[in-house]
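Visitor: I'm new to this and would like a guided walk through a protein model. Could you take me through the features one by one?

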Amino acid sequence: MERKNVYNFAAGPSTMPQSVLEKAAAELLNYHGSGMSVMEMSHRSAAFQEIFDKAKNTFRELMKVPDSHEILLLQGGATLQFAAVAMNLLAGGEADYAVTGRFSGRAAEEAKKYGTVHIAFDSSSTGHDRIPKQEELRLTDGAKYFYYCANNTIYGTEWQYVPETVSPLVCDMSSDILTRRVDFSRYALVYAGAQKNMAPAGLTVVIVRKDLAGHELPFTPEMMSYDAMIRSDSMLNTPPCWCIYMLSLVLDWVKESGGVEAMHERALARSALLYDVLDESRLFIPHAQKDSRSLMNVTFSTGRKELDAEFVAGAAARGLVSVKGHKSTGGMRASLYNAMPLEGAAKLADYMREFEAEHV
Ligand SMILES: *Cc1c(COP(=O)(O)O)cnc(C)c1O
């Protein structure tokens with residue numbers, strides 16, 4: 001099947017903009033007349049430094065990151081940040097964690113090794129089907145930060161508001177970065193693994209308030225010290241050069257496409273196509289409660305394993321691939337990141353309607 005006939009709904013690594021892949025392919029063997037690929041370049045070369053600076057500058061411009069915050073381009077995935085956040089910012093103190101899914105749960109467990117963790121909310125008893133209301137959050141006086149995960153990739157729930165807290169916020173935005181405006185003045189730190197909305201796997205973007213760095217636990221590995229990474233401009237060692245190059249192309253694409261506001265509008269339109277089907281359906285059961293729905297990951301099932309499997313196989317036969325849900329939730333999950341064309345979501349919505357007509 002040709003690429004143009006496939007829509008990839010994978011949760012991450014996930015679909016990339018077609019024009020970005022074409023540009024990368026065109027530049028693959030000979031980047032800007034250098035006679036070599038970006039993959040082959042020294043990370044200390046002028047050509048790579050230019051790519052690196054452009055990626056950072058475009059990210060800062062698109063997301064309006066203030067000068068008070070540094071942008072780091074790191075390795076280790078979002079998961080390494082579970083520990084890095086706690087080693088650097090918790091460092092023996094207390095922090096509040098909202099557990100609204102698997103990743104925030106693992107972040108809280110990891111943080112317990114490095115300080116005192118208070119669980120501000122935990123939605124596990126209802127299968128992480130919702131985001132708490134502000135008044136449900138149990139907040140600790142003197143907490144160093146309040147931690148949450150903006151979009152729960154596995155369960156398909158997303159915070160619709162920014163929590164009001166006295167302590168600064170720390171947020172895992174791995175699966176909804178670059179899809180909405182963020183007021184960084186409220187945040188101690190934001191991080192995101194690249195493989196959902198930004199670039200291939202292997203890169204993590206960390207935006208950290210500079211004045212909070214430099215207070216890490218003494219045994220913090222140098223590679224996990226925000227202070228060391230700020231001082232070396234993320235080049236304490238070889239950075240993930242190819243991923244950073246791909247990030248710069250994706251950021252250019254976001255900019256040309258109208259920036260994060262346009263990305264947000266598109267995300268609303270794409271997800272509405274699927275939620276409209278779910279709201280009318282007598283077959284499909286949505287996982288997330290209505291007021292907690294994610295614009296990025298739409299989760300649903302028929303309530304019957306065999307029928308779910310039939311749906312997933314039928315979708316794949318039409319080129320609508322990777323709609324199988326996460327193993328912990330079962331059912332289906334359609335991930336609708338920035339690079340998913342509206343047409344892909346429309347085709348999936350059509351298939352859902354047809355499948356329902358055949359099975360109800
Ligand atoms: C995918 C994901 C992670 C884990 O990312 P890795 O890069 O695999 O470590 C963490 N948090 C969220 C919200 C995710 O979507």
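This is a predicted model: local features need pLDDT of at least 70, side-chain atom pairs count only at pLDDT 80 or more; totals for chains, interfaces and linings use all residues.

Visitor: Next, the inside. How should I read a nonpolar core?

Guide: Here's the general idea: in soluble globular proteins, nonpolar side chains tend to be buried together. In this model the largest nonpolar core has 55 residues, and F59, M63, Y148, I177, M198 and L247 touch the most other members. Helix α6 (residues 241-256) gives the most to this core, namely eleven residues.

Visitor: Why does this core lie between domain 1 and domain 2?

Guide: Because domain 1 (7-18 + 259-359) and domain 2 (22-256) both give residues to it.

Visitor: Can we zoom in on one member? Which residues is M63 in contact with, leaving aside its neighbours within four places in sequence?

Guide: With those neighbours set aside, M63 is in contact with I177, L178, R180, R181, V182, F184 and V260. There's also a second, separate core of 33 residues, and L72, L90, A107 and Y226 are among them.

Visitor: How many residues of each class are in the lining of the largest pocket?

Guide: Nine are nonpolar, four are polar and four are charged.

Visitor: And how many cavities of 30 Å³ or more are there?

Guide: The count comes to one. The largest cavity has a volume of about 40 Å³, and its lining includes L73, M223, S234 and P240. By class, that lining has six nonpolar, four polar and no charged residues.

Visitor: Now single residues. Is T157 buried or exposed?

Guide: The cut-off you need is that buried means under 20% relative accessible area. T157 comes out at 0%, so T157 counts as buried. T157 lies in strand β7 (residues 157-158). Leaving aside neighbours within four places in sequence, its contacts include T100, H128, D129 and S294.

Visitor: H128 turned up there. What is the phi of H128?

Guide: Phi of H128 is near 50 degrees, a positive value in a residue other than glycine. H128 sits in the loop between β4 (116-122) and β5 (146-149), and at 8% relative accessibility H128 counts as buried. S322 is not a glycine either, and has a positive phi of about 60 degrees. You'll find S322 in the loop between β13 (320-321) and β14 (332-335). With a relative accessible area of 42%, S322 is partly exposed.

Visitor: One last thing: which two residues does a cis peptide bond join?

Guide: That bond joins G12 and P13, with omega at about -5 degrees. To spot P13, look in the loop between β1 and α1 (18-26).

How values were computed: Residues are numbered from 1 along each chain as its sequence is written. Side-chain values use heavy atoms; hydrogens and water are left out. On a 1 Å grid over the protein atoms alone, a cavity is a set of points where a 1.4 Å probe fits but cannot get out, and a pocket is an open set with protein on both sides within 12 Å along at least five of seven lines; lining residues have an atom within 4 Å of a point. Grid points are joined across faces, edges and corners, and a volume is the space filled by probe spheres set on the points. Ala, Val, Leu, Ile, Met, Phe, Trp, Tyr, Cys and Pro count as nonpolar, Asp, Glu, Lys and Arg as charged, and the others, Gly among them, as polar. A nonpolar core is a set of buried Ala, Val, Leu, Ile, Met, Phe, Trp, Tyr and Cys residues joined through side-chain atoms within 4.5 Å. Buried means under 20% relative accessible area, exposed over 50%, partly exposed in between (1.4 Å probe, protein chains only). Helices (H or I, at least four residues) and strands (E, at least two) are DSSP runs, numbered from the N terminus. Domain bounds come from an automatic or database domain assignment. Contact means heavy atoms within 4.5 Å.
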